[in-house]
Amino acid sequence: MSSSPPQANPSAQTGTSPNTRQSLSAQAMQWVDSVAQLTRPQIVHWCTGSADEATRLRALMIRDGSLVPLNEAAHPNSFLARSDVNDVARVEGRTFICSRQESNAGPSNNWSDPVYMQEFLGKLFHGCMRGRVMYVIPYLLGPVGSPLAQVGIQITDSPYVVANICLMTRVGGEAIDEFNRQPSFVRGLHSTGNLDPEQRYICHFPDDNLVMSFSSNYGGNALLAKKCHALRLASVSARREGWLAEHMMVLGITSPDGVKTYIAGAFPSSCGKTNLAMLVPPEADLRAGWKIETLGDDIAWLRFGDDGRLYAINPEAGFFGVAPGTSRATNPNAIDTLRENVLFTNVALRENGTVWWEGLDGEPPVACTDWTGQPWTPDCGRPAAHPNSRFTVSARQCPCISPDFDNPAGVPISAIIFGGRRSTTMPLVFEAFNWQHGTYLGATLTSEKTAAAAGKVGQLRFDPMAMLPFCGYHLADYWQHWLEMGRRGGALMPRIYHVNWFRKDWGGRFLWPGFRENMRVLKWIVDRLRQRGTGVTTPLGVMPTGQSLEAGSLGLAPQALEELLAVKPDEWYREVDRREEFLARFSDRLPPELLAENEALRQRIRDAELKGTI
Ligand code: OXD
Ligand code: MN
């Protein structure tokens, strides 16, 4: 971190200036210089990602009150940040895809003309870093030397954003080395601005490899390497280059005979990707020799390997996880990951300097400080932690991190799971008949809205492949790309499954215990992949029996299993109609295969109803 005195010259440089600057291309240097000319910072600091730099940066934030050091014995080297109360989630309404042609953004994205938008944002960014430090962070997404890895430079005037990016990506020497091997890089320009929600813009320019984000410091809006680069821009290059950039966790599951199977899973934000990726199998499975390892909890990049299979890497280096609901009971690996070196955002602070959030083990504190910094008691009627409060932590601290985390080749994916929050209609699990049917399941994925994005929580919405807020181009073209990937991969493509952990009974209680018991579903999937699992063909796809889920030992309420696996004709006629209406929004570009799948489903439901099998 800089210790230089304030200077008027925006080109005053600190940090790794000499080495970093020399190692980066002239194009990168030119861009950084032009941003400094535009934003007029007092100092330009080139980030190294070193421990020393992190310490100085934190000291600065502690001094200005934006970071609270936690109890050193309980959480060594860990800190709490509180955001502005109006800056707590992604803002989809102010997120734009500024493709040259409006039609390429598609009906699911906000679009603005790129020339207009760059000019408009140029005015907001003009002089916005006056008196501030401009941090330049060259970062790497993906393991060093991976054919899937990409590089970028994020510029920001927020030390909080720097601290997050240094945990979430590979920064420093390894990133710089990779710059010299990569043909291009993504430019991400961010400024805190004045945090005015009316001036908040998160704009993507896919034709220019550029992101500009103004007036928010919230993760998904401000850590530009994450959703903006690794999903929105990467999805555009993935289509062009024949691979997939997906909102997916990836886990490896080892069965007692030592065979490892890798599974990717797309679930909308705040629907349990992190918990699933870090699942600890039930005791009996552990004793039998089952094991789960985590490759990633949020984003996967998948590319065909030389053997024709799909291989995945996790482009990220850390976890930006949802805190509420995380506990030793729901995710012990996450709790162990959070012991030290953690940056918490918007959680509650106990009097002893430890953190708390709703759903954490133990009794709520009798009094604490809530996420806004106000005194809190259990009866005050407000949550202590914000529902979208987060932890940022290096993935390397996770006790179950996969030994392949840094493997440049990635891991071969055998199955892809789609899942959402559905209190009705969707059964616990079923297997798609083939890739095209699976693509249709992904395209019509629906979930109840969560706190990860601004808006009404609980509302049902389509979230295709869990990519609704993250696909950087027209969703119909994206589905076409999935179908083409399937044609290319043929029989070697992963099998596709749909799961729903969230079905409720008439009294609003969850029917399925979830969490580590989800292992039963994963084991059934592994058995199916290895041609051993029993399956019953239903109109929706292939489902397990109670026996194949070993449900007898679960102690479910009477009829719960029946309800969990039920296909109710009335619900399904409604569902098929909803899907038809949704798909019609894309009619000008919709791959006809998807409408055909919807019709085929309607027909299968009719046939099954007539036969009395559902
Ligand atoms: C996230 C999100 O932060 O999906 O991962 O919102
Ligand atoms: Mn996510």
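Me: What should I know before we start?

Reply: This is a predicted model, in which local features need pLDDT of at least 70, side-chain atom pairs count only at pLDDT 80 or more, and totals for chains, interfaces and linings use all residues. Residues are numbered from 1 along each chain as its sequence is written, chains are lettered from A and ligands numbered from 1 in the order in which they are written, and side-chain values use heavy atoms, with hydrogens and water left out.

Me: Which protein donors hold the manganese ion (ligand 2)?

Reply: They are Lys227 (NZ), His247 (NE2) and Asp298 (OD), at 2.1 to 2.2 Å from the ion. Donors are N, O and S atoms within 2.8 Å of the metal (3.2 Å for Na, K and Ca); water is not among the atoms, so sites may look incomplete.

Me: How are the donor residues spaced in sequence?

Reply: The spacing is K-x19-H-x50-D. Lys227 belongs to helix α8 (residues 225–241), while His247 sits in the loop between β13 (244–246) and β14 (248–254), 20 residues apart. Helices (H or I, at least four residues) and strands (E, at least two) are DSSP runs, numbered from the N terminus.

Me: Are Lys227 and His247 buried or exposed?

Reply: Both Lys227 and His247 are buried. Buried means under 20% relative accessible area, exposed over 50%, and partly exposed in between (1.4 Å probe, protein chains only).

Me: Now the helices. At what angle do α16 and α17 pack?

Reply: Helix α16 (residues 569–584) and helix α17 (residues 592–611) pack at about 165 degrees, and their axes are 10 Å apart. That angle makes α16 roughly antiparallel to α17. Axes are lines fitted to C-alpha atoms, for helices over the stretch in contact, and angles run from 0 to 180 degrees between N-to-C directions. Angles under 35 degrees count as roughly parallel, over 145 as roughly antiparallel, 65 to 115 as roughly perpendicular and the rest as oblique.

Me: What kinds of residue make up that contact of α16 with α17?

Reply: The contact of α16 with α17 has nine nonpolar, one polar and seven charged residues. Ala, Val, Leu, Ile, Met, Phe, Trp, Tyr, Cys and Pro count as nonpolar, Asp, Glu, Lys and Arg as charged, and the others, Gly among them, as polar. Residues of α16 in the contact include Trp572 and Arg579, and those of α17 include Leu601 and Arg602. Contact means heavy atoms within 4.5 Å.

Me: Which residues of α3 and α5 meet?

Reply: Leu57, Leu60 and Met61 in α3 meet Pro159, Tyr160, Val162 and Ala163 in α5. This contact of α3 with α5 has seven nonpolar residues, no polar and no charged ones. The two helices, α3 (residues 51–63) and α5, pack at about 145 degrees with axes 10 Å apart.

Me: Where is Thr169?

Reply: Thr169 lies in the loop between α5 (159–168) and β9 (170–171). Thr169 is buried, at 5% relative accessible area. Among the residues that Thr169 touches are Tyr139, Ala225 and Ala317.

Me: What is phi at Thr425 and at Gln559?

Reply: Phi of Thr425 is near 70 degrees, a positive value in a residue other than glycine. Phi of Gln559 is also near 70 degrees. Thr425 is buried, with a relative accessible area of 5%, whereas Gln559 counts as exposed at 57% relative accessibility.

How values were computed. Lists of a residue's contacts leave out its neighbours within four places in sequence.
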